[in-house]
Amino acid sequence: MLQGPTPARLCALPGGAERPLTVREVAERLAICTATVYRLCERGELAHVRVSNAIRVRPADVDAFIARGQG
(Lines give C-alpha, C1' and ligand atoms only; values in the text may rest on other atoms or scores of the structure.)
Protein backbone atom coordinates (compact mmCIF):
# COMPACT_ATOMS: atom_id res chain seq x y z
CA MET A 1 0.00 0.00 0.00
CA LEU A 2 1.28 3.48 -0.87
CA GLN A 3 1.97 5.84 1.95
CA GLY A 4 2.10 9.58 1.82
CA PRO A 5 0.03 12.65 2.53
CA THR A 6 -3.71 12.23 2.66
CA PRO A 7 -5.25 13.51 -0.57
CA ALA A 8 -7.18 16.76 -0.31
CA ARG A 9 -10.92 16.60 -0.63
CA LEU A 10 -12.52 18.45 -3.49
CA CYS A 11 -15.47 20.71 -2.89
CA ALA A 12 -17.65 22.97 -5.00
CA LEU A 13 -17.06 26.69 -4.87
CA PRO A 14 -20.06 28.78 -3.81
CA GLY A 15 -21.96 31.03 -6.17
CA GLY A 16 -21.38 29.29 -9.46
CA ALA A 17 -24.20 27.52 -11.20
CA GLU A 18 -22.67 28.08 -14.63
CA ARG A 19 -19.91 25.74 -15.64
CA PRO A 20 -16.51 27.20 -16.48
CA LEU A 21 -15.69 27.64 -20.15
CA THR A 22 -12.87 25.99 -22.05
CA VAL A 23 -10.30 28.04 -23.94
CA ARG A 24 -12.02 27.10 -27.20
CA GLU A 25 -15.41 28.29 -25.90
CA VAL A 26 -13.90 31.59 -24.72
CA ALA A 27 -12.26 32.07 -28.11
CA GLU A 28 -15.60 31.51 -29.85
CA ARG A 29 -17.37 34.03 -27.58
CA LEU A 30 -14.70 36.67 -28.17
CA ALA A 31 -14.22 35.83 -31.88
CA ILE A 32 -10.47 35.35 -31.42
CA CYS A 33 -8.14 32.39 -31.77
CA THR A 34 -7.28 30.09 -28.87
CA ALA A 35 -3.65 31.26 -28.87
CA THR A 36 -4.87 34.78 -28.07
CA VAL A 37 -6.93 33.46 -25.15
CA TYR A 38 -3.84 31.72 -23.77
CA ARG A 39 -1.85 34.98 -24.09
CA LEU A 40 -4.59 36.97 -22.33
CA CYS A 41 -4.53 34.49 -19.47
CA GLU A 42 -0.74 34.48 -19.32
CA ARG A 43 -0.61 38.29 -19.11
CA GLY A 44 -3.32 38.35 -16.43
CA GLU A 45 -5.80 40.24 -18.59
CA LEU A 46 -8.40 37.47 -18.41
CA ALA A 47 -9.20 35.88 -15.05
CA HIS A 48 -8.93 32.11 -15.16
CA VAL A 49 -8.16 28.99 -13.14
CA ARG A 50 -5.99 26.03 -13.96
CA VAL A 51 -7.50 22.61 -13.47
CA SER A 52 -4.56 20.25 -13.75
CA ASN A 53 -3.18 21.17 -17.18
CA ALA A 54 -6.33 22.88 -18.47
CA ILE A 55 -7.44 26.50 -18.30
CA ARG A 56 -11.04 27.31 -17.41
CA VAL A 57 -12.73 30.72 -17.41
CA ARG A 58 -15.96 31.65 -15.65
CA PRO A 59 -18.60 33.15 -17.97
CA ALA A 60 -18.78 36.15 -15.61
CA ASP A 61 -15.06 36.77 -16.15
CA VAL A 62 -15.56 36.77 -19.93
CA ASP A 63 -18.40 39.26 -19.49
CA ALA A 64 -16.21 41.45 -17.27
CA PHE A 65 -13.43 41.33 -19.85
CA ILE A 66 -15.87 42.49 -22.54
CA ALA A 67 -17.29 45.21 -20.26
CA ARG A 68 -13.81 46.62 -19.74
CA GLY A 69 -13.74 47.16 -23.49
CA GLN A 70 -11.06 44.59 -24.09
CA GLY A 71 -13.13 42.07 -25.97
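Trainee: Which residues of H3 are buried?

Mentor: Pro59, Asp61, Val62 and Phe65 are the buried residues of H3. They cover an arc of only 160° around the axis, so they sit on the same side of H3. The arc is taken from the directions that run from the helix axis to the C-beta atoms. Buried means under 20% relative accessible area, exposed means over 50%, and partly exposed lies in between, with a 1.4 Å probe and protein chains only. Helices (H or I, at least four residues) and strands (E, at least two) are DSSP runs, numbered from the N terminus.

Trainee: What kind of model is this, and how are residues numbered?

Mentor: This is a predicted model, in which local features need pLDDT of at least 70 and side-chain atom pairs count only at pLDDT 80 or more, while totals for chains, interfaces and linings use all residues. Residues are numbered from 1 along each chain as its sequence is written, and side-chain values use heavy atoms, with hydrogens and water left out.

Trainee: In what order do the elements run?

Mentor: Read from the N terminus, the order is α-α-β-β-α. That gives three helices and two strands. The protein has 71 residues, and 21% of them count as buried.

Trainee: What share of the contacts joins residues at least 24 apart?

Mentor: Contact means heavy atoms within 4.5 Å. Take the contacts between residues at least 6 apart in sequence: 43% join residues at least 24 apart.

Trainee: Back to H3. What do its buried residues pack against?

Mentor: Helix H1 (23-30) and helix H2 (34-42). Now look at H1 with H3. Their axes are 11 Å apart and the packing angle is about 35°. Axes are lines fitted to C-alpha atoms, for helices over the stretch in contact, and angles run from 0 to 180 degrees between N-to-C directions. H1 supplies Val26, Arg29 and Leu30 to the contact, and H3 supplies Pro59, Val62, Phe65 and Ile66. By class, that is six nonpolar residues, no polar ones and one charged. Here Ala, Val, Leu, Ile, Met, Phe, Trp, Tyr, Cys and Pro count as nonpolar, Asp, Glu, Lys and Arg as charged, and the others, Gly among them, as polar.

Trainee: Where is Pro59 placed, and what does Pro59 touch?

Mentor: Pro59 is in helix H3, which spans residues 59-67. Pro59 counts as buried because its relative accessible area is 7%. Setting aside neighbours within four places in sequence, Pro59 is in contact with Glu18, Arg19, Pro20, Leu21 and Arg29. Check Pro20: 39 residues separate Pro59 from Pro20 in sequence, yet their C-alpha atoms are 6.5 Å apart.

Trainee: And Asp61: buried or exposed?

Mentor: Asp61 is buried, at 16% relative accessible area. Asp61, too, lies in helix H3. Apart from neighbours within four places in sequence, Asp61 is in contact with Leu46 and Ala47.

Trainee: Which residues of H1 are buried?

Mentor: Val23, Val26, Ala27 and Leu30. Seen down the axis of H1, these fall within an arc of 100°, so they line one face of the helix. Arg24 and Glu28 are exposed on the other side of H1. The cover over the buried residues of H1 includes H2, strand E2 (54-56) and H3.

Trainee: What relates Ala35 to Val23 in sequence and in space?

Mentor: The two are twelve residues apart in sequence and 8.9 Å apart in space, C-alpha to C-alpha. Ala35 is in helix H2. Its relative accessible area is 35%, so Ala35 counts as partly exposed.

Trainee: What is the phi of Ser52?

Mentor: Near 60°, a positive value in a residue other than glycine. Ser52 lies in the loop between strand E1 (49-51) and E2. Ser52 is exposed, with a relative accessible area of 75%.

Trainee: Which residue with a positive phi follows H3?

Mentor: Gly69, with phi near 80°.
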